[in-house]
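Hi everyone, thanks for coming. Have a look at the picture first.

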Amino acid sequence: MEGRNLASINYNILDKSQQKLTIAGRLDMENISSLWPEIFKLIKKNKPKVLLLDASGVDYCDGAGIGLFLKLKEKQKENKGSLQIENLKPEFNQLMELFEPGQLSKPEQIPSFFKRVPEQIGKSLTISMREVYSQISFVGEVFVKFLYTLFHLGSLRWKDTFLIAEKSGANAVGITALLGFLIGVILAFQSAISMRKFGAEIYVADLVAIVLFRELGPLLTAFVLAARTGSAFAAEIGTMKINEEVDALTTMGLEPVRFLVIPRMLAAVVITPLLTMFNNLFGILGCILVMITMGFAPITLINEIQHATNLTDLFGGLAKTFVFGYLIAGIGCLCGLQTGKGASAVGDSATRAVVSSIIAIVVADGIFAVIYYFLGI
Amino acid sequence: MDDNAKSIIKVENITIAYDDFVVLKDINFEVKQGEIFVILGGSGCGKSTLLKSMISLIKPVTGKVLIDGKDIVTAQGNELRDILSGIGVMYQNSALFGSMNIIENICLVLEEFTNLPKDAMELIANMRLKVVGLEGAGYKMPSELSGGMKKRAAIARAMALDPKIIFLDEPGAGLDPITSAQLDELIRKLSRSLNITFVIVTHELDSIFAIADRVIMLDKETKSIIATGNPNELRDKSTNPWVKQFFNRQAVEK
């Protein structure tokens with residue numbers, strides 16, 4: 001078959017200084033891959049002063065073939081020898097001239113460990129400090145504009161705010177309720193096993209209600225919102241940034257913070273407590289359902305829950321959710337506005353928004369725990 | 001364009017840098033009222049950066065950009081808002097707000113800067129659309145428009161507040177030659193009939209020869225302006241080899 005022509009080499013040592021390499025056949029990428037190591041092994045072993053390359057038998061030569069010739073030339077130069085290519089067909093000679101790369105680009109020199117490490121620490125520190133600076137100034141700017149909006153409700157873009165509240169709140173009711181219900185069921189089943197040992201199964205209702213109202217309800221809802229809404233805010237604003245829409249807002253005299261961040265923030269601050277109440281309600285329902293299967297009457301359970309919890313538990317939990325909502329929206333929007341360039345930037349922003357929000361929520365929850373402890377709530 | 005027209009933009013000693021990397025050094029030029037002024041140069045020479053510094057998106061390290069006598073570099077708050085309300089910007093990829101239809105895109109800026117009733121704003125938006133040849137497309141979403149239509153819609157949005165100056169960043173980018181020529185025609189029409197000043201960043205020679213009253217040419221190596229003048233004159237009379245090559249569409253060896 002014509003296409004399967006192979007290439008061959010022949011290596012002769014003519015005298016002390018001259019050696020001859022004869023290459024014949026088809027010098028294409030496929031053939032070169034097997035010849036390349038063989039040829040350079042011979043060169044390394046014999047170290048010719050003058051290498052005569054007889055290419056009269058070469059009937060086809062592509063980029064890889066030319067690459068071989070150029071590499072041989074470079075190798076000979078390195079070994080302080082020379083290369084004479086003989087009888088190469090003119091059309092391949094032309095290719096040689098065309099492809100001669102001249103000075104090869106070299107990868108950047110990696111500085112020594114002792115220079116590299118302090119440099120990188122310095123760079124990372126500068127970047128982190130800049131980020132902290134931008135975050136602090138962002139928080140300040142947003143807070144001032146948020147307060148301004150609260151006192152000048154006419155300046156708020158109500159239509160956008162309601163739309164965002166619907167998307168991140170009303171549309172999240174299902175998932176929040178389902179999650180609350182399942183957590184109620186799981187908590188009831190898990191705690192029932194231990195409580196049964198003491199004959200105190202009725203207190204499962206107390207436990208679930210207190211845990212949900214004070215901790216799990218607000219936390220779970222905040223996590224759902226961080227994953228669902230925080231990432232959406234970051235991706236949406238990030239895409240607007242990449243499409244120059246944020247620049248367009250700026251040059252139209254509409255501050256991006258007032259136009260994009262405040263409606264999202266207000267929507268999140270309003271919907272987080274509402275969703276938490278849904279989460280709590282369905283959690284209690286899940287718990288009651290499990291307890292009914294254990295033989296308790298619903299009215300007994302409701303009385304038990306009313307007796308075990310008070311409004312401080314409920315509002316103590318709900319108070320946290322305002323802060324969680326503020327954090328989720330703030331971090332989501334900030335990550336969106338900080339979106340860089342390139343295809344992966346929006347994805348990175350969304351990921352950063354979720355991770356940072358979750359960390360911020362847990363830290364804030366910890367601070368609340370300490371405050372509540374000292375306040376005796 | 002009136003040769004004795006007053007300068008509406010004055011760029012004085014602008015130096016722009018990203019961290020330690022200087023992009024442009026000591027740039028000075030003036031744009032006259034009603035002029036179609038083109039900033040041109042090879043890729044990566046800082047054309048768009050210069051444009052962004054003129055519309056307050058990038059803060060130059062030194063220098064002033066006087067828009068109708070007010071420095072946009074140092075302006076803040078209401079002063080900046082005032083300056084921005086007098087200019088319109090069309091971005092390279094139109095930057096229409098994807099969640100709003102075209103009328104809403106145009107009305108957005110009217111809502112912010114005026115107390116006009118809704119029907120008046122919609123009428124004005126439709127008037128702008130008529131001027132750019134997009135009548136009837138007002139209730140379409142940006143995603144439903146072709147590239148050329150998006151650019152026209154973006155020009156209509158930029159014209160919302162009757163600005164004296166419109167900045168265009170690569171208006172012909174991504175358009176076929178016919179659509180690009182139609183856009184040039186529109187720019188020329190708006191300039192002549194409404195006396196709007198256009199500052200355009202482009203490197204498309206056809207557009208430059210078709211519409212530009214005056215150009216400045218930026219150079220990547222010297223980071224400065226290497227030519228100023230009418231494009232036809234520069235092509236015929238410039239002694240700078242790089243300018244000659246650029247205007248004569250020759251491959252450049254630098």
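Before we start, one term: two strands count as paired if DSSP finds at least two bridges between them. And please keep in mind that this is a predicted model.

Let's begin with chain B. Six strands there form an open sheet, and if you follow them across, the order is S6-S7-S8-S3-S9-S10. The pairing in this sheet is mixed. As a reminder, strands of a sheet pair through backbone hydrogen bonds, either parallel or antiparallel.

Which strands stand at the edges of the sheet in chain B? They are S6, residues 87–90, and S10, residues 224–229. Each has a single partner strand, so one side of each is left without a neighbour in the sheet. From one strand to the next, the twist averages 15 degrees.

Now for the place where the chains meet. On the chain B side, 24 residues are in contact with 18 residues of chain A. About 1,700 Å² is buried between these two chains, and carbon and sulfur atoms give 54% of that area. Which residues of chain B lose the most area to chain A? Those are Tyr91(B), Phe97(B) and Glu112(B), and together they make up 29% of what that side buries.

Across the interface of chain B and chain A, the rule finds four salt bridges. There are also six residue pairs in polar contact between the two chains.

Which elements of chain B give two or more residues to this side? Helix H2, residues 77–85, and helix H3, residues 102–113, do. The largest share comes from H3(B), with seven residues. Sorted by class, the chain B side has 12 nonpolar, four polar and eight charged residues.

One last stop. Over all chains, the count comes to 24 salt bridges. One pair to find is Asp54(A) with Lys20(A), whose closest N and O atoms are 3.9 Å apart. Asp54(A) lies in strand S3 of chain A and Lys20(A) in strand S2 of chain A, so the pair ties together parts that are 34 residues apart in sequence.

Terms used. Residues are numbered from 1 along each chain as its sequence is written. Chains are lettered from A and ligands numbered from 1 in the order in which they are written. This is a predicted model: local features need pLDDT of at least 70, side-chain atom pairs count only at pLDDT 80 or more; totals for chains, interfaces and linings use all residues. Side-chain values use heavy atoms; hydrogens and water are left out. Helices (H or I, at least four residues) and strands (E, at least two) are DSSP runs, numbered from the N terminus. Axes are lines fitted to C-alpha atoms, for helices over the stretch in contact, and angles run from 0 to 180 degrees between N-to-C directions. Contact means heavy atoms within 4.5 Å. Buried area is the accessible area (1.4 Å probe) that two parts lose on being put together, summed over both. A salt bridge is a side-chain nitrogen of Lys or Arg within 4 Å of a carboxyl oxygen of Asp or Glu. A polar contact is a pair of N or O atoms within 3.5 Å; within protein, one must be able to donate a hydrogen and the other to accept it, and residues adjacent in sequence count only if both atoms are side-chain atoms. Ala, Val, Leu, Ile, Met, Phe, Trp, Tyr, Cys and Pro count as nonpolar, Asp, Glu, Lys and Arg as charged, and the others, Gly among them, as polar.
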